[in-house]
Number of protein chains: 2
Amino acid sequence: MQKYNDSTYAILGILTTNCRSGYEIKQFIDNSLNHFWKISYGQIYPTLKRLEEEGLATVQTLVQEGKPERKEYFLTEKGKDVLKNWLEQPLTQLPVERNEVLLKLFFGRHQTKEQSLYLLADYKQKLEKLYQTYEGIEEGISRHNTNHQDAKYWLFTLDYGKRVTEAAIAWCEATIKEL
Amino acid sequence: MQKYNDSTYAILGILTTNCRSGYEIKQFIDNSLNHFWKISYGQIYPTLKRLEEEGLATVQTLVQEGKPERKEYFLTEKGKDVLKNWLEQPLTQLPVERNEVLLKLFFGRHQTKEQSLYLLADYKQKLEKLYQTYEGIEEGISRHNTNHQDAKYWLFTLDYGKRVTEAAIAWCEATIKEL
DNA sequence: TAATGCATGTAACTCGTTACATGATTCT
DNA sequence: AGAATCATGTAACGAGTTACATGCATTA
């Protein structure tokens, strides 16, 4: 089976929901996957085009009143198979997560102590803000989508973000103390 | 001041150590930064070339007996300034860390429970292996480089890796239970 | 009247990897 | 004899972002 990149699978997955157009897909990602996946129109539209060309989806152009035309994409059986197959495959290997703060801290000997402390304090602050964002989204989902079939899985991904961010914050605190 | 990408700054930083050639830089990254930064020769050599062209480094070709020629790079004052300036700048924004496992779990409703459990168990196992790798490196540094000026900072970056990985493992366990 | 939302799309660019080419020496 | 180490480099490709172009309807 031919390989596609992960963004293609993400789009394939989103097409199983009610999102059908490039515009809607972008919105969905920004609202629901934004904490662990992002994507630009410059990638969405060419991908959708390719999906159709390769028979993974069909298109229907919808003419709307008072709104621009909109192209709706629907997964074909082949498209569903490709998605299913991808879902079944475990990760081949853990990616190396580049971290700019660690890179700077790594060269900490060439900085003053104050600079390193400032770097860490700033990082910590940004992580705390991120944590609050997670909490906000989590609350939103819990309140509005309690009965939604996907809500459970959405909350799992948010829990991941919270736990990992929490650990990073704790590291900042410990490192600031030790510096 | 002109902007460069983070890999350029990484190379600039490494040139402040005793690593002077592309080959040595690659080795250094593979040995010491590998847990949060990686880079290929296809990026190192063109970057070094550019560093020289833009006056951030000078080159000296070293003819060795019984070994191939080797090009040694040395930071200029301008190169040191560029590095220093970068080190002083805090992160502009936290990057979104793409996570393939979360992406698959997000579409968990389209999978069987067994598939999701398998995905998580496999991820957990890989994280545990990674954790052990961190411990191994940490031990190596503690044993051999106790008096090295950089050792402290190297250990900080490893601590980060350990804490974040630990949190991810705990999330796997919790999610497996809840599924 | 200006901004925002809806909606699609492309071209240029950056970043990065992989695969390839070259070639001597040393170790197994 | 073959593999590993030392050493440099390029070409092709893939992934992804940003900026731009277009244009109508609604809201402030």
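Two residues are taken to be in contact if their C-beta atoms, placed from the backbone, lie within 7 Å, and helices (H or I, at least four residues) and strands (E, at least two) are DSSP runs numbered from the N terminus. The model is predicted, so that local features need pLDDT of at least 70 and side-chain atom pairs count only at pLDDT 80 or more, whereas totals for chains, interfaces and linings use all residues. Residues are numbered from 1 along each chain as its sequence is written, and chains are lettered from A and ligands numbered from 1 in the order in which they are written.

Chain A contains seven helices and two strands, which follow one another from the N terminus as α-α-α-β-β-α-α-α-α. With a radius of gyration (taken over C-alpha atoms) of 21 Å, well over the 16 Å that the globule rule (2.2 Å times the number of residues to the power 0.38) gives for 179 residues, chain A is more spread out than a compact globule. The C-alpha trace of chain A spans about 60 × 40 × 35 Å along its principal axes.

In chain B, the buried residues of α6(B) (those with 20 or more other C-beta atoms within 10 Å of their own, C-beta atoms being placed from the backbone) include L119(B), L120(B), Y123(B) and L127(B), and the buried residues of this helix pack against α5 and α7 of chain B.

Chain B can be laid on chain A with an RMSD of 0.1 Å by a turn of 180° and a shift of 0.0 Å along the axis, the superposition being by least squares on the C-alpha atoms of residues with pLDDT of at least 70 in both copies. That is the relation of a two-fold axis. Between the chains, 52 residues of chain B are in contact with 52 residues of chain A, and α7(B) gives the most to the side of chain B that touches chain A, with 14 residues.

The surface near DNA strand C, where a residue counts as near if its C-beta atom, placed from the backbone, lies within 6 Å of the strand, involves 24 residues, of which S21(A), Y23(A), N5(B), S40(B) and G42(B) come nearest. At least two residues of this surface are supplied by each of α2 (22-33), α3 (41-53) and β2 (70-75) of chain A, and by each of α1 (6-14) and α3 (41-53) of chain B. The most is given by α3(A), with five residues.

Notes. Buried ≥ 20, exposed ≤ 12 C-beta atoms within 10 Å, placed from the backbone.
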